[in-house]
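Subject: Structure handover

Hello,

Here is the structure we talked about. Please look through it first; my notes follow below.

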Amino acid sequence: MKANPGGQLAAHEVLGRDDLIARIWRSLERQSVVLGGERRMGKTSVIVKMRSSPPKGKLLLYRDLEGLRTPLEFVQRVFRDTESYLSARRKSAERVRELLRHLQGAEVAKVFRFPDSVARHWKALLSATIEDLVTHQDNDVILLWDELPLMLFNVKETEGEATAMELLDALRELRQNHPALRMVFTGSVGLHNVIASLKRSGYANDPTNDMDMIDVPPLDHAEARKLAIRLLEGEGLVGDDREELADIIAESVDCVPFFIHHVVDQLVLTHTADVDQVDQIVSNALLDADDRWHLMHYRERMGTYYESDELPLALGLLDALCTTDAPSSFPELYDLLKAQMETDDREGVLSVLGLLQRDHYLSRDSAGRFQFSLGLIRRFWRHHRGLEG
Amino acid sequence: MSGSFHSHFTPSLMSAEALEAVFVQRHTLAGRLVDLVRESTTGKARHHSLLIGPRGIGKTHLISLLYHRVVGDQDLSSKLRVAWLREEEWGVSSFLDLLLRIARALDAEYGDASLAAQTEALFELSPPEAQEAAAEMLEAYLGDRTLLLLTENLDDIFRGMGTDGQQRLRAHLQDNATWSIVATSQTLFGGVSLRKSPFYGFFRIQHLQELSLEEARELLSRIASSAGDEDLVAYLGTPMGRARIRAVHHLAGGNHRVYVIFSRFLTRDALDQLVEPFLCMLDELTPYYQERMKFISVQQRKIVELLCNTRPAIPVKEIAKRCFVTHQVASGQLKQLRDRGYVRSVKVGRESYYELREPLMRLCVDVKRDRAAPIRLFVDFLRLWYTRVELKGMLEGALNHGGLEVLYLTAAVEDEGESSSDPRVDACLEDFDNHMRTAEFELATDAAEELIAIRGEAQDFVRQSRALLARDDIESSLRAAEDAIDREATLVEGWTQLSLVRTKQQDWQAALKSSQKALELAPDHSVSLFIAASANLLVRGWEEGCVALNRALQVSDSTQANDMASAVAVTALFASRLLTPTTNDAETRKRRDEILELARNTKREAALEIGIGLLSAVLVSPAVSVETAKAWTLLWTEAAEAYPFLARCIRTAGVAYRWKRDQERSVLLELPAEERLLLERTIEQIQQRESDP
């Protein structure tokens, strides 16, 4: 197994996610799931592993939706996946064909692409497609849709916010109408970010309140260590004690698999496998002008997702927390914030703290105190904001 | 294409053998890329790499080499299909376009008639239908095989496809996991570095480094070998050959392509053999640099043009002023230009100075100048290629014939008068100092010899002598010091160096003579004073030696160099008188105390400490008996109470003595690592000498 930062992993190369996947399957017994988590945390890898071995009695259909821009394109994509599945079983999506015949007034022999004339009937077509899929087999259907938030964003840009809202509502309705149907939404952009932007335009529904929210966390230390060992072995790196080195690697990048792959990849190119080199690689990455570990997005995305009144508070809170070695309670943190900026907006600060947790910057310890979710991000933040001293 | 054909601009036309023969610097990376392709064909994992570097840095060479290694591997090639999109894949404006280019590349590579027919049929469909069908067609064609997509200028392709095309591509890769991509780009671009981009964090990004001087030498040597030009290979190893490589290095700024083009000039000595091909080469390179200019924004071009016109590096505020932009705008543009390999910056204090990374970039400006005026670049080139003396000689010869040569030679000689700075000399001097500092004396010798080849000043011979002396090549060092004096009889450093060599030869009479000669020219020259003191001591006795040493200590400042020199003197002093003491020798103790007092009064305890420390290490030498080593240790131990700074050298002396007595290496562990190193090195040298026949 070779280091593969950012690339596509084989299912057997996805380590340390068995408990999480078991939890997702358990949850899917009851309800649909929004699979969240920080970018590059390994959501897609979790999906790869889920796809490779679904439990008995589950039909799992995966699709990456990010290239789609209209509801009709989306429905067509779902239809083609359905047709592809059914045709392998010598069946076909009769309800959809019937509906198309009705809408077009003519017989449809081979449905390759829905005509634009049926675009406004996308909801009916989606409903018929799911009906055809659900009724033609005995398994529970799980639709695993990667990058759904990106598709919603595209729909919003192409056809307007109202259509994006309708699409979310339609999906919810399908889940309600088909008790055995499950959906898994995931993506590199948080679904909550897209819904928040729709809410700012007047969207009042909560389209995922029937779904379980599960975050993909970093690996636990033992698994991260195991991953590092596998990669060091796979790359044939010989040097310092391999187990100790793996420990250091896992610890230095907070057990995030993406960064573990990166560190080992760098070790390969430098032909070294020693502890000092690991430290050097991580330090260089934190200061890398080319930002090869993509850490800058922790700062850049704030400009996109935080309102102008939220942004200064968010920056102030992170600045305050990155220089304190121990977790801080809310009163402590609030005092630290007030020492660096003028604010009496206690409610606003609490609200921004909530956003920072939801966006995986911060977490709370068992005593409810705030801290950076990842030590690596804390280090990056200190460097980036010039707060090393 | 076969044999050793070298394409300057299209390495993809070269044979696998030719590519391998001149491949340097990136063997690890190339091996790694092949490994990753292999892993992408044997399992479900897919690796995607992006190689970043400016034009001419060798991206196409690396991609071409990867292609040949992959298709040449029977086992590997059966498991994949390679689609190699060349540099000129303009006009990819959608995901569909990309799929069509891939289909065409596969057809060209494998000649599959069915694929060609299916591709042709796509043009009957609407674009959305064609895209779906093309994607399915390719996946069906691949079956269980992996598609290795080799593509250049990924930034152009992504820009053409837009976010929509990129998203569709990304979705396709996620859905199918059958592709492995190795791509190149001149610079990082939004499509992979912006958080919102579909391919953010997707590629393993590798920045290609420019060639170092040593790698450039290897490249040129390989090019010569590959062309069967053994004379050139030998020439590249000579000081003049190395000097010329350094000249190219200055002009090329580490750019592979320019070295390849320049390789044909390296042995040309006669100017008439050089003028025409060089001007032809400039013609050949001009469109390349003009194209590089087109690649940047108008504002950036303005900055590059300014830097083309101003030879020394200039600060940001000057650039901002001359381009009529704010400091902030200039900084932003310069950063981008630096990232793209157009300029380099040097920080002096708080100010950043910028200059062209490749002086050849001046071609873009020179070609627009008055055609009758000499091309400045060629003038620069002549200055770099020939020594001042050669240039003047050639000009005198050419004046009789007239013509283009006179024009260039006159400009070069005039330029030489105006500017005292030769970038090759600066680089050689820097290399020499660095190598001496890091004790890489062989490389320091090379740098000194290059300096001699470039300009041959007396100081350069002194440098050569210093490097040779450090390598214990005393005879050669002596010759170099004498050469320095032959060239400049009044060079203090020449006489000082000569005296140092004589000291090493233990020819104290000659050392005294040379150091006195140096002191006649510069009466307060510290190092010479110390050498004279040592020599006086050994030739004329203790009293005169002490007087001379006292004067040296009074006159010299306490700089590091002087401290080392005084340490040498003190070492010599004790070597002469105290290495054979007896513990009862009252005279020895008296002298010891005189020296200690002298050191204290002149605040040279540190120098004395170094000297005694060095000499203590010498106790391990077979020339020193166990008894002498013991006596030496006792001598200084007695004095340590009054002179606490002696503690460290006593430690060294004690350990050296016990090692000598017991021959147990574990004894050395009593010393801290940095002190142990000195002793270990001395022991190793002694053992080495003993084992040498």
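H11(A) crosses H12(A) in a right-handed sense. Keep in mind that this is a predicted model. The two helices span residues 257–270 (H11) and 275–287 (H12) of chain A. Their axes come within 10 Å and cross at roughly 115 degrees.

Which residues meet there? From H11(A) come A:Val263, A:Gln266, A:Leu267 and A:Thr270. H12(A) brings A:Gln277, A:Val278, A:Ile281 and A:Val282. By class, that contact has five nonpolar, three polar and no charged residues.

Now the interface of chain B and chain A. On chain B, 39 residues are in contact with 44 residues of chain A. The two chains bury about 3700 Å² between them. Carbon and sulfur atoms account for 45% of that area. Three residues stand out: B:Arg32, B:Arg195 and B:Tyr200 supply 19% of the area that chain B buries against chain A, more than any other three residues.

Polar links next. There are nine salt bridges across the interface. One of them joins B:Arg168 to A:Glu73, with the closest N and O atoms 3.1 Å apart. The count of residue pairs in polar contact between the chains is 19, both residues at pLDDT 80 or more.

Where does the chain B side come from? Helices H2 (27–42), H7 (127–142) and H8 (154–176) and strand S5 (204–207) of chain B each supply at least two residues. H8(B) gives the largest share, eight residues. The chain B side divides into 16 nonpolar, nine polar and 14 charged residues.

Best regards

Notes. Residues are numbered from 1 along each chain as its sequence is written. Chains are lettered from A and ligands numbered from 1 in the order in which they are written. This is a predicted model: local features need pLDDT of at least 70, side-chain atom pairs count only at pLDDT 80 or more; totals for chains, interfaces and linings use all residues. Side-chain values use heavy atoms; hydrogens and water are left out. Contact means heavy atoms within 4.5 Å. Buried area is the accessible area (1.4 Å probe) that two parts lose on being put together, summed over both. A salt bridge is a side-chain nitrogen of Lys or Arg within 4 Å of a carboxyl oxygen of Asp or Glu. A polar contact is a pair of N or O atoms within 3.5 Å; within protein, one must be able to donate a hydrogen and the other to accept it, and residues adjacent in sequence count only if both atoms are side-chain atoms. Helices (H or I, at least four residues) and strands (E, at least two) are DSSP runs, numbered from the N terminus. Ala, Val, Leu, Ile, Met, Phe, Trp, Tyr, Cys and Pro count as nonpolar, Asp, Glu, Lys and Arg as charged, and the others, Gly among them, as polar. Axes are lines fitted to C-alpha atoms, for helices over the stretch in contact, and angles run from 0 to 180 degrees between N-to-C directions. A crossing is left-handed if the near helix is turned anticlockwise from the far one by less than a right angle, and right-handed if clockwise.
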